[in-house]
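My notes follow the model below.

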Amino acid sequence: MRRWNGWGDDTILYPVPRNASSYLIEKIGKGAPLPEATLDEVLLAVPPSRLPEHPLVMQSAEERVRHCRGQSIPDWLALKSGNIDSFPDGIAYPSTTDEVQSLFSYAEKAGAAIIPYGGGTSVVGHITPEKGERPVLTVDMSRMNRLVSLDEESRLAAFLAGVAGPDLEAQLRAKGYTLGHFPQSFEFSTLGGWIATRSSGQQSLRYGRIEQLFAGGLLASPAGLLEIPAFPASAAGPDLREIVLGAEGRLGIVTEAKVRVTRLPEQERFHIVFFPHWQEAIDSVREAVQEGIPLSMLRLGSALETETQLALAGHERVISLLERLLTWRGVRTQKCMLLFGVTGTRASCRITLRRALRIFRLGRGIHVGSYGGRKWAESRFLIPYLRNTLWDKGYAVDTLETATDWQNVNRMVEEIESALHGALDTEGGPILVLTHLSHVYPQGSSIYITVIFRTAETYEETLRRWKGLKTAASKAIVKNRGTISHQHGVGIDHAPYLAAEKGRLGIAAIKAMCDTFDPHGIMNPGKLVR
Ligand SMILES: Cc1cc2nc3c(=O)[nH]c(=O)nc-3n(C[C@H](O)[C@H](O)[C@H](O)COP(=O)(O)OP(=O)(O)OC[C@H]3O[C@@H](n4cnc5c(N)ncnc54)[C@H](O)[C@@H]3O)c2cc1C
């Protein structure tokens, strides 16, 4: 069963090796776990529902607890402390677009707000019910999980939008196709959620972000049904897909989506190269992407991230052999690890690998083969389970991300890292700040930062620490011309910073769109724009 107050399936554990614990203690001190509320305690605190009965709406306390928060640090702190100040009043499980449409009338009559719910993996507060007088109906899309049609000639697949990653891929793979969209939350996140948050999968370099994959579909809204036809391209005015992408449930509910699919590749391998220094590594990665080498992913870790990954990996003997080999080749303490994917036909993979390695060798990169890459691929969706393990040891793990042009990448990394290190008082620090570039473009790159900090003695103080870190990083991003989000979206946590990149007129245009599709303001209030 899915954990109600943590990540993932509760039968899956991600133990860390002993040396990983000592590594963390050495870097940031010993963590002390906080006491946690039990599910029974939380269930007792759920207030009565304010919604009238409806055949599609469930009102049990457990359903309401399981849908009340996502996966951000404030979400975890609320769930784990049991101090939850708002719950949805009911959870609807529609199976068709007509049923979704009928829920709008039901909610309007009941004076309720609606929160569309995909997999509940949001990390920025997208699915938190607003506190207040108005009842809240959460619409869980999990029953709408079917492949509706596959047009093999045009390589277009239509899905009901509540389909989660594994189900979507299984239905396509059975017919020899893939969407190729693999966010790290793949196990639970859904097609509708990806579209609503402008998600980016780990192999976006080959397959594109969800913006490139989403070809058209159906948006059910309080004002009616918007049908977006799937053209290969169109010059017929503004593209309506763009207003659905990133709408975060504010305009309506995506019930069906057509996506661009690809034949399953003949071969896929992930390779690892170690560079002696960050600058040589980043220059090589930029060159590879600007040269148009058709790699399927590039993930470059900073020196500290590389060191930490190796420390947390276990396999002490293998890692120590690797370290010796690298030292002998002149790649030492400042080494940066690049993981890259080569996907396609056997022949094209051979050529691509050769071209990529030629560039990486010029940056003094040492290719260590594909064994580590295979291990990474086997556990790529298990890594989020590490958050549970570290939490149990008294450490919180948060992630934040931005994107900027190449000229600005190094400065941005320095500014965010230094803002984070300066954000906590001596009680709260030190912290571990781990940076990598994972979605790279010819014009620039995303910057993804994982922050590991000790939880405090109380939940209130832990939340205060998180707020200090989040505010410092967000201010640094905005001040240095970065987007407030490359892939996680806006939700509640990034909303205060949105105007910095959209401007007054831009925010007014987004609000006007919300008014058009949702004239009575019932859709996911408080998220994206206020
Ligand atoms: C461990 C972890 C790893 C992650 N890795 C990545 C990553 O690699 N790349 C990435 O992009 N993101 C990542 N995320 C963030 C998150 O998974 C994405 O934002 C994802 O797209 C959310 O999908 P979901 O189905 O869970 O949506 P939810 O969390 O349920 O909802 C998110 C937003 O979408 C809206 N929404 C959901 N379904 C619909 C619909 N059918 N119609 C209209 N609106 C809808 C909701 O109202 C809400 O505003 C990660 C999160 C976690 C916890």
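I looked up the charges first: the 60 positive and 57 negative charges of the protein chain have mean positions 7 Å apart. Lys and Arg count as positive, Asp and Glu as negative, and His and the chain ends are left out. Each charge is placed at NZ of Lys, CZ of Arg, CG of Asp or CD of Glu.

I noted that this is a predicted model, where local features need pLDDT of at least 70, side-chain atom pairs count only at pLDDT 80 or more, and totals for chains, interfaces and linings use all residues. Residues are numbered from 1 along each chain as its sequence is written, and side-chain values use heavy atoms, without hydrogens and water.

Next I checked the shape. The C-alpha atoms fill a box of roughly 70 × 60 × 45 Å along the principal axes. Of the 530 residues, 57% are buried (under 20% relative accessible area, 1.4 Å probe, protein chains only).

I then counted secondary structure: the protein chain has 19 helices and 18 strands (DSSP runs, H or I of at least four residues for helices, E of at least two for strands, numbered from the N terminus).

Two strands pair if DSSP finds at least two bridges between them. β1 pairs antiparallel with β2 (residues 90–92) over 2 bridges. I found I91 in β2 as the bridge partner of M58.

Key:
Buried means under 20% relative accessible area, exposed over 50%, partly exposed in between (1.4 Å probe, protein chains only).
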